[in-house]
Amino acid sequence: LKEAKVQVFHSGYIQWDEVEQTPGVYDFSSVEPTFKVIRDNRFDFEVAIDMGSIIALSYDRPSLPSYIKFEGFDDPYLKERYLAFLDAFLDRYGNEIDYLLLHTEGAGTYFTNHQPKQLDGYCNLMNEAMKHVRQKIPNIKVGNNGGGEGGESEKTEIVKCFTREADFIGTGSYPDNDTIYKNPEDIEIVI
């Protein structure tokens, strides 16, 4: 990787509903091998971790630990548990990472097609989570991928909502899909 001049190492998703199946009991065994490689090799590049979305990949329901009864994204218990999950992760790995992406894949489709009334609650939760991460470990850059799928006006509102507290916005490029941002200029126009 050093010979390839890698500057940022990106690790895959860490799904809350897989890590915390019982309140307050966290099983990070699925991500431990990634951190072992990083520790053992003392890589000289920045590390980006992708916290999986709490919008399920099916885009029709939240992807939460089974012990949480979904009452809405503004539910105080949901917020309490999500921030506790982030704390558990940061206590264990926070000093080893440079970027934390609070993934929102599916948000555009979820809020456009299914639950537009829940968008404000979700945005508030994600923005509070970003502030929380930054307060706990100030040197981590925390951001969001913006949930850019969906119609043009919907993704504009969603990206604006998620940029309030973000240090960065992650995006993907899918040349075979017209609903995803393809050019950095498209995002600049929205922001």
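Student: How many residues does helix 3 have, and how far does it reach from its first C-alpha to its last?
Tutor: In this predicted model, helix 3 has 18 residues and reaches 26 Å from first to last C-alpha, close to the 26 Å expected at 1.5 Å a residue, where the expected span is 1.5 Å times one less than the number of residues. Helices here are DSSP runs of H or I with at least four residues, strands are runs of E with at least two, and both are numbered from the N terminus.

Student: Before we go on, what should I know about the numbering and the confidence limits?
Tutor: Residues are numbered from 1 along each chain as its sequence is written, and side-chain values use heavy atoms, with hydrogens and water left out. Because the model is predicted, local features need pLDDT of at least 70 and side-chain atom pairs count only at pLDDT 80 or more, while totals for chains, interfaces and linings use all residues.

Student: OK, which residues of helix 3 are buried?
Tutor: L78, R81, Y82, L83, F85, L86, A88, F89, L90 and Y93 are buried in helix 3, buried being under 20% relative accessible area, exposed over 50% and partly exposed in between, with a 1.4 Å probe and protein chains only.

Student: And how does helix 3 pack with helix 5?
Tutor: Helix 3 (residues 76-93) and helix 5 (residues 119-136) pack at an angle of about 35° with their axes 10 Å apart; the axes are lines fitted to C-alpha atoms over the stretch in contact, and angles run from 0 to 180 degrees between N-to-C directions. The contact (heavy atoms within 4.5 Å) is made by L78, K79, Y82, L83, L86, D87, L90 and D91 of helix 3 and by L125, M126, E128, A129, H132, V133 and K136 of helix 5.

Student: What kinds of residues are those?
Tutor: The residues of that contact divide into nine nonpolar, one polar and five charged, with Ala, Val, Leu, Ile, Met, Phe, Trp, Tyr, Cys and Pro counted as nonpolar, Asp, Glu, Lys and Arg as charged, and the others, Gly among them, as polar.

Student: Where is G94, and is it buried or exposed?
Tutor: G94 sits in the loop between helix 3 and strand 3, and G94 is buried, with a relative accessible area of 0%. Apart from neighbours within four places in sequence, G94 is in contact with F89, I137 and I140, and the C-alpha atoms of G94 and I140 are separated by 7.8 Å although the two are 46 residues apart along the chain.

Student: Switching to strands, which way do the residues of strand 3 point?
Tutor: In strand 3 (residues 99-102), Y99 and L101 point one way and L100 and L102 the other, and all are buried.

Student: What does strand 4 pair with?
Tutor: Strand 4 (residues 141-144) pairs with strand 3 in the parallel sense over four bridges, and with strand 5 (residues 168-169), also in the parallel sense, over two bridges; strands count as paired if DSSP finds at least two bridges between them. The bridge partner of L101 is G143, that of L102 is N144, and G143 stands opposite F168 in strand 5.

Student: What about T104, where is that?
Tutor: T104 lies in the loop between strand 3 and helix 4 (107-114), and T104 is buried, with a relative accessible area of 0%.
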